[in-house]
Amino acid sequence: AGDVGHQFDGGETSWGLALSSEMEELLEGLCRMSSLGISAFLDRRFDSVRNHRDFRFDNSELGGIVVSTRPLSASLSRRIIQALLILVAYLLLDQSIVAYNAFMANPADEPTRTGTTDGPFTHYRLENIASRNGTEWSSLPGPGVSDFGVIGRSRCTPAGTVRPDADFPLRESTVVVGNSIIATYAQKTPIWGFYMYTSEAAGSEPLDPSKFLVYGTNDAFQVGNGSCGLSNPVKWGQVNYANGPVHFCNATWYGVGAPNWGLLGYPDHFWALAGVPGTLPMARGADGLRAYLLHPPWYHHALYLVVPAAVSGIGLVLAVLVAACLSPYRKRFWFPAPYLFISFGFCLACLANALHCLLTWSDGSINLAVESGSNVFPLAIICAATLLQGV
């Protein structure tokens with residue numbers, strides 16, 4: 001049978017079953033493969049494919065993934081794809097850890113967050129730039145508030161502090177200079193937020209601050225005859241740290257607050273001051289308290305910056321772990337196919353953004369709700385694509 005030029009003429013088996021020449025040639029080939037152990041190898045390979053433990057059956061080379069019926073599952077069996085997914089997972093998990101640490105720290109504890117190497121500060125200044133009725137800086141009679149101070153770690157204002165609180169900053173004095181009111185503290189005081197009370201004068205509602213900025217300094221400012229308070233303020237469109245400090249009454253001041261701000265979530269740029277006017281209560285004096293916290297509620301930060309990146313990264317890690325190490329054991333110990341971990345991760349990220357959108361909308365943060373809601377659609381597409389293409 002091993003002679004070159006051997007002809008397969010067909011015949012009959014010992015059972016009397018007729019064989020064609022093609023069937024005779026096929027049976028001889030199978031016998032030779034069996035004697036070499038090749039058939040057992042192929043049987044094990046095919047068994048792995050049928051039991052979804054080996055997806056390389058779909059493609060012979062990396063380019064075959066493009067035309068594979070299960071592109072995601074097939075790609076997960078490639079070492080280079082696994083390495084790429086681990087890198088992406090590392091970046092996502094690192095982003096979530098950085099965002100979490102940034103939230104847990106005080107925005108003013110780290111000097112780089114206030115654009116200076118001198119923070120936190122002992123003096124904080126509220127400067128009124130424009131009032132509720134549109135009166136501009138040069139025509140304003142003063143800061144437009146009766147009191148001003150910073151909020152400490154307790155996140156409580158004087159109205160919410162019912163007993164001596166070690167976390168409440170101890171203010172030494174306040175002074176009005178032009179359109180500014182300056183609060184001085186006994187020592188460097190990190191700022192978790194700031195508060196103000198509206199003017200006590202009847203009929204002063206139109207002159208309430210609408211556009212204002214809060215600054216901090218450790219310099220010993222000098223008021224003199226008060227003329228230093230007449231210096232031109234920073235333009236309203238230039239309220240962020242990138243524009244550098246301002247000089248006021250022989251001191252260098254750094255921006256730390258505004259009526260509105262955007263959350264960035266990074267240690268060196270935790271939040272960005274926004275040039276959006278604010279609104280004070282119509283009540284006067286002690287009843288007209290308004291507080292501005294520089295830390296959002298935990299769910300705003302977690303659902304927007306921490307959870308989506310974390311669950312997506314964990315899903316990628318689990319998918320690679322199952323595809324690279326645990327696939328041969330799927331028949332003995334049941335667990336989902338590798339691609340499902342990726343799908344679940346992106347689906348959870350999509351749900352986190354959708355929940356964040358609803359919560360921020362109910363809180364009245366419409367801009368943030370729209371931004372978070374816009375993240376839902378691409379994540380939903382990725383979730384659906386990974387589920388359908390991984391089957």
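Biologist: Does Leu 87 count as buried, partly exposed or exposed, and why?

Modeller: This is a predicted model, and in it Leu 87 is found in helix α4. Buried would require under 20% relative accessible area and exposed over 50%. Because the relative accessibility of Leu 87 is 48%, the residue counts as partly exposed.

Biologist: Which residues form a nonpolar patch on the surface together with Leu 87?

Modeller: The patch that includes Leu 87 has about 490 Å² of accessible area, taken over its members together. Besides Leu 87, its members are Leu 84, Val 88, Tyr 90 and Leu 91.

Biologist: Against which helices do the buried residues of α4 pack?

Modeller: The buried residues of α4 are Gln 82, Leu 85, Ala 89, Ser 96, Ala 99, Ala 102 and Phe 103. Packing here rests on contacts, that is, on heavy atoms within 4.5 Å. By that criterion, these buried residues pack against α5 (298–326) and α6 (338–362).

Biologist: How far apart are the end C-alpha atoms of helix α4, and what span should its residues give?

Modeller: Helix α4 covers residues 79–104, which makes 26 residues, and at 1.5 Å a residue it should therefore span 38 Å.

Biologist: What share of the residues of the protein counts as buried?

Modeller: The secondary structure of the protein comprises seven helices and 13 strands, and the protein exposes about 20700 Å², of which carbon and sulfur atoms supply 61%. Of its 391 residues, the share that counts as buried is 44%.

Technical notes
Residues numbered from 1 in each chain as written. Predicted model: local features only at pLDDT ≥ 70, side-chain atom pairs only at ≥ 80, totals over all residues. Heavy atoms only, no water. Helix = DSSP H or I, 4+ residues; strand = E, 2+ residues; numbered from the N terminus. Buried < 20%, exposed > 50% of the residue type's maximum accessible area, 1.4 Å probe, protein only. Areas by Shrake-Rupley, 256 points an atom, 1.4 Å probe, with all protein chains shown as cover. Expected span 1.5 Å × (residues − 1). Patch = residues over 30% accessible without salt bridge, like charges linked within 9 Å, V, L, I, M, F, W, Y side chains within 5 Å. Salt bridge = Lys/Arg side-chain N within 4 Å of Asp/Glu carboxyl O.
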